[in-house]
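Colleague: Could you walk me through this model before I set anything up with it? I'd like to take it piece by piece.

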Amino acid sequence: MATATAAQQRRRSPTEPATKWGVPHFRIVHWAFAGPAAALFVFFFAYPLGASLYQSFTSDDGGVQTWAGLAQYRRMLHDPVFWKSLWNTGLLLVFQVPLMIGLALVLACVLNQSWLRFKGTWRIAFFLPSVTMLVAYAVVFRVLLKTDGGMVNQALGWFGVSPVDWLNNPVWARVALIGTITWRWTGYNAVILLAGLQAIPKEQYEAAAIDGAGAVTTFRKIVIPQLRPVILFCSITSTIGTLQLFDENFVLTKGGPDNATMTPVLYLYKVGFDQMDFSYASAIAWAVVLIIGVLSVLQFRFFGQSDRAASTARSERRRG
């Protein structure tokens, strides 16, 4: 009995870590693998994040940072250029994001049709714009939209339309920016929505056909409710991308004319690297983070409430 007890004491539980010098072996192995990644995260993400947050509460007086509290944020409230950049971003969110998501949904529905041939080729063709380099495609559009000699104005001339000053007129500059972004990201969102369409069971389409539902009714009652989480994902990522817009308007218009295409991130860049005011630039960056968080939460709550209402209605129909 004594021998059996000693053997049981020596027998280690499978979940009990082996130890060496009082340190569990599994901790050494885990940190050996996770340590480099954790160090990179701390030095290249966590530390810069914390440093920028601290810097947003300071001011630069003669090269010396001093604590300024909320002075930079109060300055932001009275900065007309910052508010103009938010207004421009709001216009993009109102016009460009719904336009892009709508076109992507139509494109995804077409790509999902059984009669379409060479589906793989079409999907690659529409997805390719999203993998082009941001600066490269913006430069191409800058050449296409030139007032004198641009291909777009040449094409309009064939129909008797006078040349449009795309990049030097505030209204047309916004239109050009919306068209540029829509061209690049519509195919990307269409592929995501296409994956959501292919996840809808075919039995639901068959049941709708048996009930006599037409194409429009099937789209409203089956496709849209089933795609709601995917549309939410595309909407949130598009909103975040719009709030972070920099490359396109920087290359196309430098934020002009008259700040008509200025966005918060481009303004942040100008404040930080043109004016060398990194404290105020950090405050703008954290304001953008706050705006992105608020809009994301609002979108989640809106779509979440719609999903719950739809689920409740379906449950009541089943019980009825």
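**Talking through the model**

Modeller: Let me begin with F45, which is partly exposed, with a relative accessible area of 44%; buried means under 20% relative accessible area, exposed over 50%, and partly exposed in between, with a 1.4 Å probe and protein chains only. This is a predicted model, in which local features need pLDDT of at least 70 and side-chain atom pairs count only at pLDDT 80 or more, while totals for chains, interfaces and linings use all residues. Residues are numbered from 1 along each chain as its sequence is written, and side-chain values use heavy atoms, with hydrogens and water left out.

Colleague: Where does F45 lie, and which nonpolar surface patch is made there?

Modeller: F45 lies in helix α2, residues 25-55, helices being DSSP runs of H or I with at least four residues and strands runs of E with at least two, numbered from the N terminus. Together with L40, F41, V42, F43, F44 and L49, F45 makes a nonpolar surface patch of about 770 Å². Patches of this kind take residues with over 30% relative accessible area and no salt bridge, and join nonpolar side chains (Val, Leu, Ile, Met, Phe, Trp, Tyr) within 5 Å, whereas like charges are joined within 9 Å.

Colleague: How many helices and strands are there in the chain, and what share of the residues is buried?

Modeller: The chain has 13 helices and four strands, and buried residues make up 32% of its 320 residues.

Colleague: What about confidence: what pLDDT does the chain average?

Modeller: The average pLDDT, the predictor's confidence in each residue from 0 to 100, is 85, and 86% of the residues score at least 70. Over residues 6-10, however, the pLDDT is below 50, and this stretch has zero contacts in the model beyond near neighbours in sequence, a contact being heavy atoms within 4.5 Å.

Colleague: Changing topic, how many salt bridges does the count come to?

Modeller: The count comes to one salt bridge, where the rule asks for a side-chain nitrogen of Lys or Arg within 4 Å of a carboxyl oxygen of Asp or Glu. R75 forms a salt bridge with D277, and the closest N and O atoms are 2.6 Å apart. The pair links distant parts of the chain, 202 residues apart, with R75 in helix α3 (residues 71-77) and D277 in the loop between α12 (264-274) and α13 (278-319).

Colleague: Are those two buried or exposed?

Modeller: R75 counts as partly exposed because its relative accessibility is 36%, whereas D277, at 16%, counts as buried.

Colleague: And how many disulfides does the structure hold?

Modeller: The structure holds zero disulfides, a disulfide being a pair of cysteine sulfur atoms within 2.5 Å. As for cysteines, C109 counts as buried at 18% relative accessibility, and C234 counts as buried at 0%.

Colleague: Last one, backbone geometry: which peptide bond is cis, and where is phi positive in a residue other than glycine?

Modeller: Most residues other than glycine have a negative phi, and most peptide bonds are trans. The bond from G256 to P257 is cis, with omega near -5°, and P257 lies in the loop between α11 (247-252) and α12. D258, in the loop between α11 and α12, has a positive phi of about 55° and counts as exposed at 63% relative accessibility. F118 has a phi near 55°, sits in the loop between α4 (80-111) and α5 (119-127), and counts as exposed at 58% relative accessibility.

Key. Accessible areas come from the Shrake-Rupley method with a 1.4 Å probe; for residues, only the protein chains shown count as cover.
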